Amino acid sequence: MTAPQILPSSRGRVLLCFLLGILWEARAQQIRYSVPEETEKGAFVGDISKDLGLEPQKLLNRGARIVSRGKKQHFALNFRTGSLVTADRIDREGLCGRASVCTLNLEILLEDKVKIYRVEVEITDVNDNIPSFGIEEREVKIHESAMPGTRFPLPEAFDLDVGVNSLQKYKLSSNHYFSLLVQNGKDDAQYPELVLERALDREEEPIHRLILTAFDGGNPVGSATVLILVTVVDANDNAPQFIQSQYSVSVPENVPVKTCLLRVNATDPDEGINGDVSYYFRKITEKTSQLFELNALTGDISILENLDYEECNFYDIDIEARDGAGLLDRAKILIKVLDVNDNAPEVTITSVITSISENSSAGSVIALFNVHDRDSGENGQVMCSIPENLPFKLEKSYGNYYTLVTDRALDREQVSMYNITVTATDGGSPPLSADTHISLHIEDINDNHPVFVQTSESTYVMENNPRGTSIYSLTAHDSDIGENGHVTYSIMDDSIHGASLSSYVSINSETGVLYALHSFDYEQFRELKLGVTAKDSGDPPLSSNISLTLFILDQNDNAPEILYPAFPTDGSSGVELAPRSAEPGYLVTKVVAVDGDSGQNAWLSYRLIKATEPGLFSVGLHSGEIRTVRTFLDKDALKQNLLVAVTDNGELPLSATVSITIIVADSIPKILSELSNPEPSDDLKDSNLTFYLVIAVAAVSCLFFIFIVILLALKLHRWRTSKFLSASTGHFGNIHSSQFVGIDGVRAFLQTHTQEVSLTTDSRKSQLLFLGPNYADTISIQQTCDKKEPPLIPHESILSNEDQSFLQQAPPNTDWRFSQAQRPGTSGSQNGDEGGTWPNNQFDTEMLQAMILASANEAADGSSTLGGGAGTMGLSARYGPQFTLQHVPDYRQNVYIPGSTATLANAAGKRDGKAPAGGNGNKKKSGKKEKK
């Protein structure tokens, strides 16, 4: 028969399932491995990718990394194999001391989903430490009166390993007096004791040497030895005795150095040296010996260095009291370190983003961070906070992890960047805190329309504006940035007067400046309404509109238009009648005019600018009425012509004129008689005068042109005549042209040689003095001179190859020189050297030219001379009697004297004149020279 079963209630069943689910999730997220200590770097610890259910490559893709609070990272991830490996050699004793179980905790973070897995790695012990006694030898003094069975403590070996690798047994070397007894204490501690098996005799053997060996359980087995020196002494039957076998003390971790923690005391009833007790540490680690000091005489235990609760909060120290004979007693010192709030919390940011879009939903994760305080209790309880005025909040995550998330919607236009300060505060007194700063940029989205300052605006534009003129500027502001804040402008399509609005104005899409495409006319339209759209470059784009009214301002661009009196269309002259008996102020007619402009540009004023009888009529300044000023007289003409000007009131006034004819008569026949004989108007007279002036200017221009043509023809004729004379042979055809001296068309034959170049001031051609030979048919110069004068040839003369072979260079004749009387000049009165050089100034050159021309005239006459005989050209006194010009042709009509207006066109007139005075003077002085 089956026993009845009690089913749990529904509530209990649900609770059980909930607890099992929590435990399963915790178990699933926690992974355990074990690895022996002292393994090589990179040793395999566990297949983390398999335990996480991921491929090895996905560990890297999902941003897996180890998060550890320790100062040193002992493990690493191998993304190639997906395994957890050691980062360096692990020393179990350095990490956990003699703890039976040594585990290291670490967290693995998957950044893509911000998920953390806890991994626990157990460090298993290996036999990497051998037992150690800490001393090489130990002296044991035994009184010779000691009874067999007496036990003496021996030094204990210390092994840092645990478990089977720790200290397992002791062994004493063989001897006849002693045996080894091992006592088991707390925590599986072993205390070796030397047992006296038989009575000692100091006289027989005062010292016994024994070897104590300690063995561990490792493979291979490690061991250590110590030399035990047993000294047999006189009887000492009392050992020191501690007052209490265990001492306990609690000290805060910030206790000052050199502070005495407690004093131990042991008593020995013996006297003398056997009663002197000394205190020593037993079985103490090197680190503990650096922290505490035991006074061997007083038993005071003091601090050598600062304590740190976070490193070690409990110390278990063994001490012994030993008398002079070597007897001792053991005691235990338990020191508990109390925590004080001396460590500020630590904030470690595990994952953080630096920017977030402003349209992110509430609850978006910004950062994941871990807080830790090395203190304990309330000193280690940490609370995190952020400023309250921020749109963020902190949420508790796994363990000591917090997430920073958005609490409400963000707006970049209000705040574009947040500097979030996370403050971690512990529960100590006084509390300590630490701040961590997170900078977050808000990314812009296109959530703001371009905004104009006003929904509608207006501006004024003067008419007749130039095309392309900037007329207005619109600006829309967009609070967004980048492309979302880039605003472009466009004109809404519309029409005005049947034409597209875009044909009148345009807008710069980037700057919003409006430009006029046409010159506006106030008389055509007075205002222009248009809509402008401002659109940003976001996706999708946002826009806004503004209405702009352009008011066209009037400009004085229309002259007054006279409506009355209007000119008749049949070609007749319109006239107004005024009776001769009209009184002063009589209204004769009225000038009516309009102006297409508006405002003051259309204000018209009338003015009489011309009248046949001044003072007879007047014009109303603003009315345009023409009235008589006085009564008509008999002498007043029957026909009165008035010229009235109508002027507007613009800044640059425009005007129009009208001519009015007023007939002053009392009867119609007189009017018809006057109109049949019209007098020419003043305008017609002015037109005729202008016509005559134009004809006069044209006639003067034609005369000037004819004068220029004639002058050019004369110049051309003279040039051709000169060329003709140069080519003429005459009686000197057998003589080379280089044997003539030429001065502007007149040439004289000279027998000369030269090596110089002379330039005359007023000659039209530069003349080259060239060497030439003597000819048989030339006129020789019989007068002896110091130096011969070189002949002059034109610069344009070019010798052919035959001429150059014909001419032979002769040595210069040093006998031909001009005397003072023979030099050309003003009667030979000029002083100079006797070198006979060619005249070197303008005056002498002109005088020489005049003498040559005068001699040419006399030669042509056959009777006149220049101070010499007939046909000698007046040069016999200078150049000798054989120098005649009987074969020289008459070139007087072609001679032009440079620097003078005289010509030889009239040879007869020259013959009637007197010979130059200079010729006579030269003749006289030449005669004086001959006498000398």
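**Reading the aromatic rings**

Modeller: This model is predicted, and eleven aromatic pairs are found in the structure. One of them is formed by Tyr398 and Tyr401, a stacked pair with 6.4 Å centre to centre and 25 degrees between the planes.

Colleague: What describes a pair of aromatic rings in general?

Modeller: Two values describe such a pair, namely the distance of the centres and the angle of the planes. In the case of Phe520 and Phe525, the centres are 6.1 Å apart and the planes stand at 70 degrees, so this pair is edge-to-face. Phe520 and Phe525 also belong to one aromatic cluster together with Tyr504.

Colleague: Which charged residues sit over a ring?

Modeller: Among them are Lys169, which lies over the face of Phe215 at 5.5 Å from the ring centre, and Arg330, whose charged end is placed over the ring of Tyr191, 5.2 Å from its centre.

Colleague: Which residues form a nonpolar patch on the surface?

Modeller: Leu703, Phe705, Ile706, Val709, Ile710 and Leu714 form that patch, and together they have about 620 Å² of accessible area. Within this group, Ile706 is part of helix α7, which covers residues 682-727, and Ile706 is partly exposed, with a relative accessible area of 47%.

Definitions and conventions:
Residues numbered from 1 in each chain as written. Predicted model: local features only at pLDDT ≥ 70, side-chain atom pairs only at ≥ 80, totals over all residues. Heavy atoms only, no water. Patch = residues over 30% accessible without salt bridge, like charges linked within 9 Å, V, L, I, M, F, W, Y side chains within 5 Å. Areas by Shrake-Rupley, 256 points an atom, 1.4 Å probe, with all protein chains shown as cover. Salt bridge = Lys/Arg side-chain N within 4 Å of Asp/Glu carboxyl O. Helix = DSSP H or I, 4+ residues; strand = E, 2+ residues; numbered from the N terminus. Buried < 20%, exposed > 50% of the residue type's maximum accessible area, 1.4 Å probe, protein only. Phe/Tyr/Trp six-rings, centres within 6.5 Å; stacked < 30°, edge-to-face > 60°. Lys NZ or Arg CZ within 6 Å of the ring centre and 35° of its normal.
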